[in-house]
Amino acid sequence: MDNDWNQVRRELDKSDNFEAIFNSPWYTDAVYEKFSDAEFARRHAAARTLMERDGLDALILTGGPDIYSHGSGVTWGAGLIDERAMCQYMVLPLHGEPTLIYPHYGCHIEAARKQVSVKDVRSGQHGKYGKAVAERLIELKLQKGRIGITAANRTGPEYMGVQAYLDLKQSLPEAKFEFCPTLLHELTYRKSPEELNAMARAGQIAIKALEAVKAAAKPGVREYQLAGAVANAVLGAGGRYHLLMIGSTSQHDPKIIFPNPNPSGRVLKEGDIILSELAMSYMGYSAKIGHPVSVGRPTGKYQAFFKDVVIGGFKEVRALLKPGTTLEDVRRVGAETFRKRGAQSRPTIMHGLDLITSVPFVRADRVRTEKYDMTMQPGMTYNIEITPVDKEGIYGIFYSRSFAITESGHQDLTPFDVDEILVAG
């Protein structure tokens, strides 16, 4: 049971008192930018509409710190931005107040209470998340309820920890648990004005990340030092880095076509090209940029390839971003635009953005998505992500921008309209 700070404040050295503490004055002067109460009410109401449609009595929203989750349903439902635990949990009942199960106790949970927009924040009981969730469902009299579990991680997908699931099943043997792989996507594929504002802010932070790469790059610097410069710029702007991929190679003897997912200790030299994929988030919502940087003047080969193939193909795809365009239209143009310029590309042309990368995935040879995603509508958000490659598969350039579909066309979430390879410095 939780212990009111007023009752235990003079005996904090007792573990039972400290671990279950609440109502302390700690962190009351902390400042967190949050979505409005009206925005969270909108989200919860939208989820409950789908719960009624699907016959669910409650949802267990899940999320984790890895790049395929980045908080997922817990960030969306509560506003929690945190890296503790493999998976985190929030109970959203069809009727009743939502409850966040937080993995850490004491000072940590008190700080989390100030950050989130859910009033009921409870301890994860030292990793007994399933037990903590079950206790809340029992309070809601849902021992025999139909409970949905959202995907924490889009790959697989994965939903929750095995032990948490086993504890749930043991604690609630008569409840029916159903995995809901696409439910969160259905709730997030069209953005509200507040969500779009957060993504636009993330886009500005992504631009700062790119500018940090450009400023830090010079002969003698290592790739991981560029990553450090990005981290400093992003955290200093109040954001978080979601994808921080940086790679470099010689323009005269290229060894990469795509940024390095794990920036290495390679030392930059004059004549190198730096490729980066920089997805940054603000309040849990991300935007991405990718733009080449040359150490010294770019070679004629790379400059011509960038202008003729990369920018030319990008503009053809970007022109399709408007209501009514189908994803098959995008696939067809993306499949043809680089080939007709005498090159090829990685398969990926464009993907969706929920809070982070999501379906739809538009590739040169296929489209993977839900039926309701197939035609562009206002509020949908996408990332054009192209990697044109020369016809022999030797060299290439990664290039990326994020967009939102509007009533009349599109909004550039990463407005960096530069048609030249950047020169470091």
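Modeller: I start with one histidine and then widen the view.

This is a predicted model, in which local features need pLDDT of at least 70, side-chain atom pairs count only at pLDDT 80 or more, and totals for chains, interfaces and linings use all residues. Residues are numbered from 1 along each chain as its sequence is written, and side-chain values use heavy atoms, with hydrogens and water left out.

The spot is His70. It is found in the loop between strand 3 (58-63) and helix 4 (72-78); helices (H or I, at least four residues) and strands (E, at least two) are DSSP runs numbered from the N terminus. His70 has a relative accessible area of 5%, so it is buried (under 20%; exposed is over 50%, partly exposed in between, with a 1.4 Å probe and protein chains only). Its phi is near 55 degrees, a positive value in a residue other than glycine.

What does His70 touch, leaving out residues up to four places away in sequence? The list is Gly64, Thr75, Arg240, Tyr241, His242, Ser281, Gly284 and Ile356. A contact here means heavy atoms within 4.5 Å. Take His242 from that list. It is 172 residues from His70 in sequence, yet the C-alpha to C-alpha distance is 7.3 Å.

Phi is also near 55 degrees at His126, again positive and not a glycine. His126 lies in the loop between strand 6 (120-123) and helix 6. His126 is exposed, because its relative accessible area is 54%.

Helix 6 (residues 129-139) holds Arg136. Arg136 is buried, because its relative accessible area is 8%. A polar atom of its side chain lies 2.8 Å from the backbone oxygen of Glu97. Beyond four places in sequence, Arg136 touches Val91, Glu97, Thr99, Asp120 and Arg122.

Two prolines follow cis peptide bonds. The bond from Gly156 to Pro157 has omega near -5 degrees and is cis. Pro157 sits in the loop between strand 7 (146-150) and helix 7 (162-171). The bond from Val359 to Pro360 is cis too, with omega near 5 degrees. Pro360, in turn, is found in strand 15 (residues 357-363).

Note on methods:
Polar contact = N/O pair within 3.5 Å; in protein donor to acceptor, adjacent residues only side chain to side chain.
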